[in-house]
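Hello,

Here is the structure I promised to pass on to you.

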There are 2 protein chains.
Amino acid sequence: MLAMDPSAEVFDVTLTLADDTPHWPTHPPVRVGPLRRMADGDANNVTKLSLAAHSGTHVDAPWHFVDDAPRMDEIPLARWIGPCLVARVPEDVRLIEPAHLEALVVPTGTERLILRTANSTGWAAGDLTFREDYVALSPAGARWVVARSIRLIGIDYLSIEPFDQTDRATHPTLLGNDVLIVETLDLSAIEPGPYTLVCLPLGLGPVDGAPARVLLCRQP
Amino acid sequence: MLAMDPSAEVFDVTLTLADDTPHWPTHPPVRVGPLRRMADGDANNVTKLSLAAHSGTHVDAPWHFVDDAPRMDEIPLARWIGPCLVARVPEDVRLIEPAHLEALVVPTGTERLILRTANSTGWAAGDLTFREDYVALSPAGARWVVARSIRLIGIDYLSIEPFDQTDRATHPTLLGNDVLIVETLDLSAIEPGPYTLVCLPLGLGPVDGAPARVLLCRQP
């Protein structure tokens with residue numbers, strides 16, 4: 001599935017997990033704190049963590065919004081790894097509709113689509129305030145993704161769904177059709193084009209999502 | 001650094017993180033629990049986690065035991081990824097000494113060495129009890145690793161250092177010489193030989209270690 005290629009360039013598109021990582025309003029904040037510290041006379045340094053599974057850069061399993069759908073431990077690792085396309089949504093688009101997706105000219109057969117939006121401009125500026133007006137995918141946009149047989153979609157904020165969307169249809173449309181989701185990517189350094197996605201979620205069991213370390217690899 | 005190779009075989013050598021994952025006696029247990037559940041009337045399923053950074057399959061940064069040494073965010077990702085050798089330590093060896101390492105016939109130039117020991121037999125049997133008599137590397141063994149210019153060492157239990165070693169010299173010898181450590185690997189399905197290690201620690205900041213998802217990739 002993967003092999004070394006010394007010529008490939010690797011980009012880490014993971015947002016650092018720390019106490020100031022923005023979190024979903026109804027989820028607990030990320031906490032990364034000292035358990036043992038040599039400076040306090042302990043034999044070693046040990047850090048402890050607490051977080052929701054959907055904190056920082058993370059993935060959604062279908063079970064996140066669909067109660068009889070697959071959980072993290074039922075998704076083959078190969079679905080998180082492989083060729084992907086990074087496409088750039090113009091900075092002025094706040095709600096991504098099918099017309100915006102059509103304009104990206106996504107090649108037929110694209111299995112993994114990663115959307116760089118104005119959200120990444122916020123990461124580049126170091127803005128860690130939680131914003132309700134982040135760029136997101138409309139329910140019609142989600143149906144477009146399903147219709148195009150895309151199997152994984154990534155975006156650069158905590159949720160792919162608009163904050164105030166009362167029917168919450170974006171997530172169930174994607175997850176109910178077995179489209180995997182990767183959220184809170186920091187794509188500020190990523191030019192559009194083809195990459196190899198290497199997304200490794202933490203090794204959790206039958207749950208709804210997991211924080212992940214995510215790389216994009218590019219051939220020169 | 002990495003590229004797709006459809007012919008490569010991939011092995012997940014990560015121990016699942018769950019409430020019954022064995023933990024170091026002075027660290028808190030791993031907790032993976034419900035924050036929101038559709039079965040309870042919530043709009044979605046969300047899991048929360050708490051754990052020490054050295055829980056389950058994880059990595060040690062040099063700062064874990066050496067107070068002026070590099071922390072997680074100072075270690076280039078490329079050090080966690082690349083060619084490695086998996087070597088099998090005979091089942092009856094409990095404390096790995098230089099003579100045992102010599103017997104493994106590690107080729108000169110090996111940068112990453114992963115030791116499969118009798119510990120993995122425990123994982124294969126589903127034994128999640130914390131055992132004080134796990135197989136570990138002696139301080140002399142650690143000095144051998146440093147002298148051979150090995151830059152990363154992996155082992156299949158929570159610590160590479162014997163439980164009752166009063167001087168705790170194994171960790172400082174390795175980490176003080178910038179040898180990275182990967183612990184709690186489940187190598188029960190892994191034959192000895194050359195692999196590509198893909199070890200992606202969670203994206204934490206200036207801390208002592210991190211839980212990781214770890215793959216071994218093999219050319220056919």
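Below is what I found, beginning with the model itself.

This is a predicted model, in which local features need pLDDT of at least 70, side-chain atom pairs count only at pLDDT 80 or more, and totals for chains, interfaces and linings use all residues. Residues are numbered from 1 along each chain as its sequence is written, while chains are lettered from A and ligands numbered from 1 in the order in which they are written.

The scores of the model are ipTM 0.96 and pTM 0.97.

Now to the sheet. Strands are DSSP runs (E, at least two residues) numbered from the N terminus, and two of them pair if DSSP finds at least two bridges between them. Four strands make an open, antiparallel sheet, ordered 3(A)-4(A)-4(B)-3(B). Strand 3 (31–36) of chain A and strand 3 (31–36) of chain B are at the edges with a single partner strand each, so one side of each has no neighbour in the sheet. Within chain A, strand 3 is joined to strand 4 (residues 46–52) by five bridges, and A:Val32 sits opposite A:Leu49.

How do the chains relate? A rotation of 180° with 0.0 Å of shift along its axis places chain A on chain B with an RMSD of 0.0 Å (superposed by least squares on the C-alpha atoms of residues with pLDDT of at least 70 in both). The two copies are therefore related as by a two-fold rotation axis. In chain A, the C-alpha nearest the axis belongs to A:Ser50, 2.1 Å from it.

Enjoy exploring!
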